[in-house]
Amino acid sequence: MYNSRMNIQRLDKSQAIPWDLLLLADPSKKLVEEYVKDGLMNVAIIDNKIVAEYVLLDRGNGLAEVMNIAVDEKFQGQGIGKQLLMHAIKTAKYIGFKIVEIGTSNASHAQLALYQKCGFKIYHIKKNFFVDNYDEEIYDNGVKCVDMIMLSCKLNSLSFH
Ligand code: COA
């Protein structure tokens, strides 16, 4: 599905940071503030309203990580998340990164499906990540988030038209 009214662009300095969206994907404001400071944030805009965002962070050695990706609840399920993730992959490749990675919890099966549909493969599990890094317990789909499943996508072999 493609929303022709949607534009994806770098967050303008005059625009307010879309905290609601960022916190939808990651409830720790402290962690979010850290990577928003250093990361590149692109936002999806429909009718002058930010409806989605992602943050790409340089992890060094040719590696970029999508630290946060979120779509406004009213706009979910319309293909925007997929479009945004493909945009993140293209942007990382354009900048010159070799690999892009993304993490999600053991409980987040829709995200795992989406990321694999976009070409990411599971390569590592950060054991107890959510227990060690968040003050409160987090649940998704009624399952406790404990481990972070890391997925990566090699950019060298990808070509875009
Ligand atoms: N099982 C299998 N596939 C699923 C699924 C599920 N439970 N839920 C979604 N998908 C698939 C869709 O079918 C679609 O694939 P298709 O194009 O082949 O049909 C694909 O995932 C993407 O769907 P899309 O409509 O682009 O997703 P979205 O716009 O709703 O965005 C999120 C996805 C995760 C970004 C969005 O739901 C969101 O913002 N969630 C809250 C924040 C969050 O959890 N962020 C990620 C933190 S790790």
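This passage describes the largest pocket of a predicted model and the ligand in that pocket. Local features need pLDDT of at least 70, side-chain atom pairs count only at pLDDT 80 or more, and totals for chains, interfaces and linings use all residues. Residues are numbered from 1 along each chain as its sequence is written, and side-chain values use heavy atoms, with hydrogens and water left out.

The largest pocket holds about 1,300 Å³ of space. A pocket here is an open set of points, on a 1 Å grid over the protein atoms alone, where a 1.4 Å probe fits, with protein on both sides within 12 Å along at least five of seven lines. Its volume is the space filled by probe spheres set on the points. The lining comprises 44 residues, of which A25, I69, T104, Q111 and Y115 are the closest to the centre; lining residues have an atom within 4 Å of a point. Elements giving two or more residues to this lining include helix 1 (19-25), helix 3 (80-95) and strand 5 (99-105). Strand 4 gives the most, with seven residues. Helices (H or I, at least four residues) and strands (E, at least two) are DSSP runs, numbered from the N terminus. By class, the lining has 22 nonpolar, 13 polar and nine charged residues. Gly counts as polar, and Asp, Glu, Lys and Arg count as charged.

The ligand takes up the largest pocket; more than half of its atoms lie within 2 Å of the grid points. Around the ligand are 21 residues, with I69, V71, G79, G81 and Q111 nearest. The shell has ten nonpolar, nine polar and two charged residues.

Oxygen atoms of the ligand lie 2.7 Å from a backbone N or O atom of V71 and 2.8 Å from a polar backbone atom of K82.

Notes. Near = heavy atom within 4 Å. Polar contact = N/O pair within 3.5 Å; in protein donor to acceptor, adjacent residues only side chain to side chain.
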